[in-house]
Amino acid sequence: MPRSLQPLDDVVQIPYHFRCPISLELMRDPVTVCTGQTFDRSSIESWVGTGNTTCPVTRVSLADFTLIPNHTLRRLIQEWCVANRSFGVERIPTPKQPADPSLVRTLLEQASSGSAPLSLRITALRRLRGLARDSEKNRAVIVASNGREILLSIVFLRVEVDSSELNHESLAILAMLSLTEEDCMYVAADLNRIHYLVNLLFHSLIDVRVNSAAMIETVVAGIRLPELRAQISGVEGVFDGIVGILKYPLAYPRALKIGIKSLFALCLAKQHRHKAIAAGAVDALVDRLVEFDKCDTERALATVELLCRVQSGCAAFVSHSMMVPLLVKTILKISDRATEYAAGALLTLCSASEKAQKDALAAGLLTQLLLLVQSDCTVRAKRKAQMLLKLLRDSWPQDSMENSCDFPCSDVVCFD
């Protein structure tokens with residue numbers, strides 16, 4: 001019996017026909033296959049998704065993979081949950097059913113029809129946007145209905161003129177979908193399309209700006225040719241637009257998430273990092289660093305480390321009174337990756353500036369480094385910590401000097 005059922009079965013017995021035959025757990029979204037057997041949707045989808053073509057119960061070949069919701073059984077399970085609420089059983093929610101593929105195809109046809117009224121096309125796109133927002137399954141249905149290609153054609157329709165609500169609604173849907181490398185190449189191969197997206201970074205509506213940034217990040221991350229990625233990051237105004245999103249004054253978590261993802265992706269092209277610095281990326285990163293979640297903090301610190309390798313970036317971070325103390329405080333506080341990036345940035349800053357060394361020591365860097373080299377962090381993080389300790393050796397207390405080991409390290413390269 002699965003461990004997740006043991007506590008429940010100690011106090012109340014789950015009816016046999018309420019259990020999924022695959023997982024043996026209480027079904028949350030029962031569906032029936034063509035053999036008449038009922039399973040939990042997630043379990044049968046996983047079964048079929050791994051290449052199985054037979055019914056798990058009868059072993060009969062599945063001639064049709066359509067999953068029919070068993071509403072009657074789901075209501076019975078919900079009633080049983082309510083009846084056993086005193087035993088700690090929570091009522092399963094009523095699941096949202098995946099979008100009907102025929103409806104999705106109809107909406108895509110309406111949205112892409114050049115002869116249809118503009119209002120009808122926008123309404124169709126809004127309905128598609130709502131479906132895409134509802135669930136991953138709906139997004140998969142849109143993709144399977146050739147939605148990416150259709151929406152891309154709408155977004156970049158007549159990019160030489162002012163954008164319209166039609167373009168914006170299509171862009172909003174695409175921002176929720178994963179694009180193939182072919183899709184990304186379609187966008188990246190035409191600079192007019194990139195310039196169009198960059199122009200949208202300065203739109204009056206923040207949602208349009210964020211959706212455009214999401215598309216740019218997806219395209220940059222989705223293409224393999226480094227020269228194309230560099231070409232996008234070199235487009236005039238792209239860093240100003242992305243930094244502007246990071247500096248958006250109102251609370252908007254998605255703007256922060258998309259903004260830092262986009263900035264990091266663009267900064268991977270080292271020949272244009274100076275443009276990020278000129279656009280104000282340093283102040284934006286310092287001001288927003290404490291507002292990111294764990295994953296985005298890692299990405300922000302990785303971006304800081306990249307920008308430190310540019311001479312103007314290193315100088316800008318050193319001159320900012322909060323940057324070095326923030327990096328010191330980050331060590332061992334967020335994650336192993338965050339620690340590694342923070343140590344790398346500090347290594348570059350302290351190698352280039354005595355002021356950075358003094359600021360780091362005042363913020364308690366020596367203690368953090370000694371803890372770091374004794375921790376279970378990554379090998380790269382320890383190596384950077386050892387290099388920092390050797391760099392700051394003259395600043396160690398005398399008793400630490402007498403009892404210290406000789407930390408081996410390679411030469412530090414400050415700038416790319």
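## Salt bridges

The model, which is predicted, holds 18 salt bridges. One of them joins the side chains of Arg-129 and Glu-169, with a distance of 3.4 Å from N to O. Arg-129 belongs to helix α5 (residues 118–134) and Glu-169 to helix α8 (residues 165–174), so this pair ties together parts that are 40 residues apart in sequence. Glu-169 has a relative accessible area of 9% and is buried, because the limit for a buried residue is under 20%. Arg-129 and Glu-169 are also part of a network of salt bridges that links them with Arg-126 and Glu-165.

## Two further pairs

A salt bridge also connects Arg-139 with Glu-136, whose closest N and O atoms are 3.0 Å apart. Both residues are in helix α6 (residues 136–144), and because they are three residues apart there, about one helical turn separates them.

In another salt bridge, Arg-224 pairs with Glu-181, and the closest N and O atoms are 3.3 Å apart. Arg-224 is found in the loop between α11 (206–222) and α12 (226–233), while Glu-181 is in helix α9 (residues 181–188); the pair therefore ties together parts that are 43 residues apart in sequence. Arg-224 counts as exposed, with 65% relative accessibility, and Glu-181 counts as partly exposed, with 32%.

## The buried side of helix α22

Which residues of helix α22 (residues 365–373) are buried? They are Leu-365, Leu-366, Gln-368, Leu-369, Leu-372 and Val-373. These residues lie on the same side of α22, because they cover an arc of only 160° around the axis. The elements that cover them include α19 (323–330), α20 (336–352), α21 (354–362) and α23 (379–391).

## A buried threonine

Thr-297 is located in helix α17 (residues 294–308). With a relative accessible area of 6%, Thr-297 is buried. Leaving aside residues up to four places away in sequence, Thr-297 touches Leu-289, Phe-292 and Ile-334.

## The annotated domain

An unreviewed UniProt entry places the feature "domain: U-box" at residues 13–87. Over residues 13–87, the chain in the model is 29% helix and 11% strand. The end C-alpha atoms of this stretch are 11 Å apart.

Notes: Residues numbered from 1 in each chain as written. Predicted model: local features only at pLDDT ≥ 70, side-chain atom pairs only at ≥ 80, totals over all residues. Heavy atoms only, no water. Buried < 20%, exposed > 50% of the residue type's maximum accessible area, 1.4 Å probe, protein only. Helix = DSSP H or I, 4+ residues; strand = E, 2+ residues; numbered from the N terminus. Arc of directions from axis to C-beta. Contact = heavy atoms within 4.5 Å. UniProt positions renumbered as here; feature names shortened; annotations may be inferred. Salt bridge = Lys/Arg side-chain N within 4 Å of Asp/Glu carboxyl O.
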